[in-house]
Amino acid sequence: QLQAYGGGLVQAGGSLRLSCVGSGRTFRNYNAGWFRQSPGKDYEFVAAIRRSGAGTFYADSVKGRFTISRDNSKNTVYLQMNSLKPEDTAVYFCAAGTSVALTTALGYTNWGRGTLVTVSS
């Protein structure tokens, strides 16, 4: 089971850090990803990290601004979001899975409830 935290309202150019806490001792065995969904749009891949933390992947739209990381001792995955833009406004979801398909929603079997990020201009 996953739970995302940290959403909120921020001005353009600001920063937020999202956290995703997984329950159970097996969380460290899962790759983790962040996706987002804006009104009327499909899920969009944001970032992913391998279960070991050794590999990270980003959507072009967030590369250089967002950083994904994880602390397996705390069963937590983070998404540090800097230089936020109004177009980053969305509900952000964390997900976990064992597939090698890290950049597609189909690669994940466990999803948490989303957290809303609103970036004002």
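Strands, as the word is used in these legends, are DSSP runs of type E with at least two residues, numbered from the N terminus. The views below are close-ups of a predicted model.

**View 1. Arg36, a buried residue in a strand.** Arg36 has its place in strand β4, which spans residues 31–37. Its relative accessible area is 4%, and because buried means under 20%, Arg36 counts as buried.

**View 2. Salt bridges around Asp88.** A search of the whole structure finds four salt bridges. One of them joins the side chains of Arg36 and Asp88, with a distance of 2.9 Å from N to O. Since Arg36 lies in strand β4 and Asp88 in the loop between β8 and β9, this pair ties together parts that are 52 residues apart in sequence. Asp88 also forms a salt bridge with Arg65, where the closest N and O atoms are 2.7 Å apart. Arg65 belongs to the loop between β6 and β7 while Asp88 belongs to the loop between β8 and β9, so this second pair ties together parts that are 23 residues apart in sequence. Asp88 is buried, with a relative accessible area of 0%, and Arg65 is buried as well, at 11%. Salt bridges that share partners join Arg36, Glu44, Arg65 and Asp88 into one network.

**View 3. The salt bridge between Asp60 and Lys63.** In this pair the closest N and O atoms are 3.2 Å apart. Asp60 has a relative accessible area of 67%, and because exposed means over 50%, Asp60 counts as exposed.

**View 4. An open sheet of four strands.** The strands follow the order β1-β3-β8-β7, and their pairing is antiparallel. Strands β1 (2–5) and β7 (66–71) stand at the edges with a single partner strand each, so one side of each is left without a neighbour in the sheet. On average, and ignoring direction, neighbouring strands of this sheet are turned by 15° against each other. The antiparallel pairing of β1 with β3 (residues 16–22) runs over four bridges, and Tyr5 can be found opposite Ser19 in β3.

**View 5. The largest nonpolar core.** This core has 32 residues, and those with the most contacts inside it are Trp34, Val46, Phe66, Val77, Leu79, Met81 and Tyr92. Several strands give two or more residues to the core, among them β1, β3, β4, β5 (44–49) and β8 (76–81). In soluble globular proteins, nonpolar side chains tend to be buried together. Val77 touches, among others, Leu18, Phe27, Ala32, Trp34, Ile49 and Ile68, with residues up to four places away in sequence not counted.

**View 6. Ser83 in a loop.** Ser83 has its place in the loop between β8 and β9, and at 41% relative accessibility it counts as partly exposed. Not counting residues up to four places away in sequence, Ser83 touches Gly13, Gly14, Ser15, Arg65 and Asp88. Ser83 and Tyr108 are 25 residues apart in sequence, and their C-alpha atoms are 28 Å apart in space.

Notes
Residues are numbered from 1 along each chain as its sequence is written. This is a predicted model: local features need pLDDT of at least 70, side-chain atom pairs count only at pLDDT 80 or more; totals for chains, interfaces and linings use all residues. Side-chain values use heavy atoms; hydrogens and water are left out. Two strands pair if DSSP finds at least two bridges between them. Axes are lines fitted to C-alpha atoms, for helices over the stretch in contact, and angles run from 0 to 180 degrees between N-to-C directions. A nonpolar core is a set of buried Ala, Val, Leu, Ile, Met, Phe, Trp, Tyr and Cys residues joined through side-chain atoms within 4.5 Å. Buried means under 20% relative accessible area, exposed over 50%, partly exposed in between (1.4 Å probe, protein chains only). Contact means heavy atoms within 4.5 Å.
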